[in-house]
Amino acid sequence: MKIRPIRTKTDYAAAMKRIDQVFDARPGTPQGDELEVLTLLVENYERQHYPVEAPDPVEFIKNVMEFMGLGQNELAVVLNSRSRASEILSRRRPLTLWQIRKISAAWGLPADSLISEYEVA
């Protein structure tokens, strides 16, 4: 097991290839340990080179609604206002803390996914 830091795309590709080779290794074995270390190195490289931005709260709500088969009317019921649901989905109004709490509780969503540092009123 020769493990070194992942610094380049070539290093990354080699690490991914090796992960594929030892993917089914049992934990606690030398190959299992190698897989665990390689996975940590790859995660670190990806975090540095391919950061994932936090989702936009309105897009998150729209995606959840689509996934759950919900429409604007169901959001209006949660918010007790058809006009507020429309304004939020069309981005004419930011979500308030009260609305975030209501949506989170009603649909079982993590509140932090509904918060944008620029949009909460």
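Start with the cut-off for ring pairs: rings of Phe, Tyr and Trp pair if their centres lie within 6.5 Å. Planes under 30 degrees apart count as stacked, over 60 as edge-to-face, and the rest as tilted. And keep in mind that this is a predicted model.

By that rule, the count is three aromatic pairs. Take Tyr12 and Tyr45. Their centres are 5.0 Å apart, with 25 degrees between the planes. That angle is under 30 degrees, so the pair is stacked. Where do Tyr12 and Tyr45 lie? Tyr12 is in helix α1 and Tyr45 in helix α2, so the pair ties together parts 33 residues apart in sequence. Both are buried: Tyr12 has 18% relative accessibility, and Tyr45 has a relative accessible area of 3%.

Now Tyr12 with Tyr50. This pair is tilted, at 6.3 Å centre to centre and 55 degrees between the planes. Tyr50 sits in the loop between α2 and α3, so with Tyr12 in helix α1 the pair ties together parts 38 residues apart in sequence. Tyr50 is partly exposed, with a relative accessible area of 43%.

On to the cores. The largest nonpolar core has 17 residues. Which of them touch the most other members? Ile61, Leu75, Leu79, Leu95, Ile103, Trp107 and Leu114. The elements giving two or more residues to this core are α3 (57–68), α4 (72–79), α5 (82–89) and α6 (97–107). Leaving out residues up to four places away in sequence, Ile61 touches Leu75, Leu89, Leu95, Ile103, Trp107 and Leu114.

There is a second, separate core of nine residues. Among its members are Tyr12, Leu35, Leu38 and Tyr45. So the stacked tyrosines show up here again.

Ser113 is in the segment after α6. Buried or exposed? Ser113 has 15% relative accessibility; the cut-off for buried is under 20%, so Ser113 counts as buried. Beyond its neighbours within four places in sequence, Ser113 is in contact with Pro57 and Phe60.

Last, Phe23. It is placed in the loop between α1 (9–22) and α2 (30–49). Its relative accessible area is 55%, over the 50% cut-off, so Phe23 is exposed.

Technical notes: Residues numbered from 1 in each chain as written. Predicted model: local features only at pLDDT ≥ 70, side-chain atom pairs only at ≥ 80, totals over all residues. Heavy atoms only, no water. Helix = DSSP H or I, 4+ residues; strand = E, 2+ residues; numbered from the N terminus. Buried < 20%, exposed > 50% of the residue type's maximum accessible area, 1.4 Å probe, protein only. Core = buried A, V, L, I, M, F, W, Y, C linked by side-chain atoms within 4.5 Å. Contact = heavy atoms within 4.5 Å. Phe/Tyr/Trp six-rings, centres within 6.5 Å; stacked < 30°, edge-to-face > 60°.
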